[in-house]
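Keep the structure open beside you as you read.

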Amino acid sequence: MWLNLSSSSSSSSSSSLLMFSLFLFTSHALAEQDIIDSTCQKCSKHDPNIAYNFCVTSLQADPRTYRADLHKLGLISIKLVHHNLTTTRQRIKEMLKEMANDPYIRACLDDCLELYSGAIDKIKQSIQDYKSKHYEDANIHISSVMDASNTCEDGFKEKEGAVSPLTKRNNNVFQLSAIALTIINMLQ
């Protein structure tokens with residue numbers, strides 16, 4: 001009889017521990033979702049250029065959002081901008097090798113490469129400024145990144161019939177930058 005009680009008690013104890021662990025995991029996941037959801041709602045209401053679903057999807061894609069508060073979420077958003085700038089610059093380099101036949105598109109891509117290279121320097125500086133809580137300086141650098149993505153996109157529009165091969169990437173950089181700026185403004 002003692003063995004059955006002990007076994008039942010052990011089983012009950014293990015079950016309770018499992019339930020408690022599941023509760024903690026679920027609580028953390030809900031807290032993560034809450035901060036992302038509330039932040040993205042504020043971002044999309046503050047700036048019509050920010051799509052709520054884009055914001056949520058972008059922030060959830062980064063595993064660092066687990067247990068993030070608003071300040072950490074801001075840093076994560078800036079690092080997402082940095083990642084997108086870096087991959088876009090790499091893609092531009094690849095396109096320059098592939099699109100040697102169209103001199104206009106090539107010239108636009110050369111301009112975009114220069115813009116994105118400068119934007120990477122700016123976003124690196126904004127990360128340092130953000131970590132030092134120099135939010136106004138970070139804001140200025142991130143705003144220049146937004147300008148770079150717009151200028152890149154606009155360059156293709158100067159010739160009738162030209163189509164930007166970077167529209168989606170430019171838009172992503174713009175929206176991610178807008179999210180970072182909105183979070184910075186929430187912190188000030």
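## Salt bridges in the model

The count comes to 4 salt bridges in this predicted model. Side chains of opposite charge can pair when their charged atoms come close.

| Pair | N to O distance |
|---|---|
| D62 and R64 | 2.5 Å |
| R91 and E94 | 3.2 Å |
| R91 and E98 | 3.4 Å |

Let us start with D62 and R64, whose side chains meet in a salt bridge. Are these two partners buried or exposed? D62 counts as buried, because its relative accessibility is 7%, under the 20% limit. R64 is partly exposed, because its relative accessible area of 42% lies between the 20% and 50% limits.

Now turn to R91, which forms a salt bridge with E94 and another with E98. Together, R91, E94 and E98 are linked in a network of salt bridges.

Where do R91 and E94 sit relative to one another? Both belong to helix α3, which covers residues 70–98. They are 3 residues apart in that helix, so about one helical turn separates them.

As for accessibility, R91 counts as partly exposed at 23%. E94 is also partly exposed, with a relative accessibility of 34%.

Technical notes:
Residues are numbered from 1 along each chain as its sequence is written. This is a predicted model: local features need pLDDT of at least 70, side-chain atom pairs count only at pLDDT 80 or more; totals for chains, interfaces and linings use all residues. Side-chain values use heavy atoms; hydrogens and water are left out. Buried means under 20% relative accessible area, exposed over 50%, partly exposed in between (1.4 Å probe, protein chains only). Helices (H or I, at least four residues) and strands (E, at least two) are DSSP runs, numbered from the N terminus.
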